[in-house]
Amino acid sequence: MMKATGIVRRIDELGRVVIPKEIRRTQRIRRGDALEIFTAADGEVVFKKYSPLVELGQLSGVYAEVLAKSLGRPVLVCDRDVIVAATGPARSDVMGRSISEALESLLAMRSVYTAPSEIAKRVRAFERSDRQLLCVAPIVAHGDIEGGVCLVGTAKDPPPTEEVVRAVSVAASFLSKWMEE
């Protein structure tokens, strides 16, 4: 359901329209983000954030399931804003949930994050959650960060081994390559 904002903008001579800062902030639209344009017979024009990971559909979910079974831990796949695939018992609770600022920062670093041994220094998967990120590998396609593959655990879990980190990295690389094809 759409909600009126009361904001009106004019189209300039080049056909551009400015999306107000407040809407960009609340909808987490950043410079360089892709927007998909929809039209309706009644003249309505709707801009929707485009997520290539959502476009992959079930592929990211199937890969997450296989990886989770192999590693024995829940796996999440996120785009730059929300969780798009999840495994484990809390799957339905996290699907579509916004990623934390901490996870957003980890993805922006463009390198694989591995949880340290010191529990106090670990990053939480979500605000106000006891779930922790054990490993995060960014999904980079065409030079842009599109999301990440996250291995989730608790404070009781040891840091992931090199083999586990490699498996999470391979998953992110696979999804990156698939998006580029």
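The model is a predicted one. Glu 104 forms a salt bridge with Arg 28, with the closest N and O atoms 2.4 Å apart. This pair links distant parts of the chain, as Glu 104 lies in helix H5 and Arg 28 in the loop between H1 and strand S1 (35-39), 76 residues apart.

**Two sides of H5**

- The buried residues of H5 are Leu 103, Leu 106 and Leu 107.
- These three residues cover an arc of only 100 degrees around the axis, and therefore lie on the same side of H5.
- Glu 101 and Ala 108 are exposed on the other side of the helix.
- The cover over the buried residues of H5 includes S3, strand S5 (113-114), S6 and S7.
- Arg 110, which follows H5, has a positive phi, near 60 degrees.

**The largest nonpolar core**

- In soluble globular proteins, nonpolar side chains tend to be buried together.
- The largest nonpolar core has 42 residues, of which Val 77, Leu 133 and Val 149 touch the most other members.
- Elements that give two or more residues to this core include three helices, namely H3 (58-71), H5 (101-108) and H6 (162-180).
- Strands S3 (75-79), S4 (83-86), S6 (132-141) and S7 (144-153) also give two or more residues each.
- Leaving aside residues up to four places away in sequence, Val 77 touches a set of residues that includes Leu 53, Ala 64, Ile 83, Ile 139, Val 149 and Leu 175.

**Phe 126, a buried loop residue**

- Phe 126 has its place in the loop between S5 and S6.
- Phe 126 counts as buried because its relative accessibility is 2%, whereas the cut-off for buried is under 20%.
- Beyond residues up to four places away in sequence, Phe 126 touches Leu 76, Ile 83, Val 94, Arg 97, Ser 98 and Arg 131.
- Between Phe 126 and Ala 68 there are 58 residues in sequence and 19 Å in space, C-alpha to C-alpha.

**A nonpolar patch on the surface**

- Ile 11, Val 17, Ile 37, Val 45 and Phe 47 form a nonpolar patch on the surface, and together they have about 480 Å² of accessible area.
- One of these residues, Ile 11, is found in the segment before helix H1 (21-26).
- Ile 11 counts as exposed because its relative accessibility is 61%.

**Other salt bridges**

- Side chains of opposite charge can pair when their charged atoms come close.
- A search of the whole structure finds 9 salt bridges.
- Arg 25 is exposed, with a relative accessible area of 56%, while Glu 22 is partly exposed at 45%.
- Lys 121 and Glu 118 also form a salt bridge through their side chains, at 3.8 Å from N to O.
- Lys 121 is exposed, with a relative accessible area of 56%, and Glu 118 counts as partly exposed at 45% relative accessibility.
- Salt bridges that share partners join Arg 28, Arg 30, Asp 81 and Glu 104 into one network.

Notes:
Residues are numbered from 1 along each chain as its sequence is written. This is a predicted model: local features need pLDDT of at least 70, side-chain atom pairs count only at pLDDT 80 or more; totals for chains, interfaces and linings use all residues. Side-chain values use heavy atoms; hydrogens and water are left out. A nonpolar core is a set of buried Ala, Val, Leu, Ile, Met, Phe, Trp, Tyr and Cys residues joined through side-chain atoms within 4.5 Å. Buried means under 20% relative accessible area, exposed over 50%, partly exposed in between (1.4 Å probe, protein chains only). Helices (H or I, at least four residues) and strands (E, at least two) are DSSP runs, numbered from the N terminus. Contact means heavy atoms within 4.5 Å. The arc is that of the directions from the helix axis to the C-beta atoms. Patches are made of residues with over 30% relative accessible area and no salt bridge: like charges are joined within 9 Å, nonpolar side chains (Val, Leu, Ile, Met, Phe, Trp, Tyr) within 5 Å. Accessible areas come from the Shrake-Rupley method with a 1.4 Å probe; for residues, only the protein chains shown count as cover. A salt bridge is a side-chain nitrogen of Lys or Arg within 4 Å of a carboxyl oxygen of Asp or Glu.
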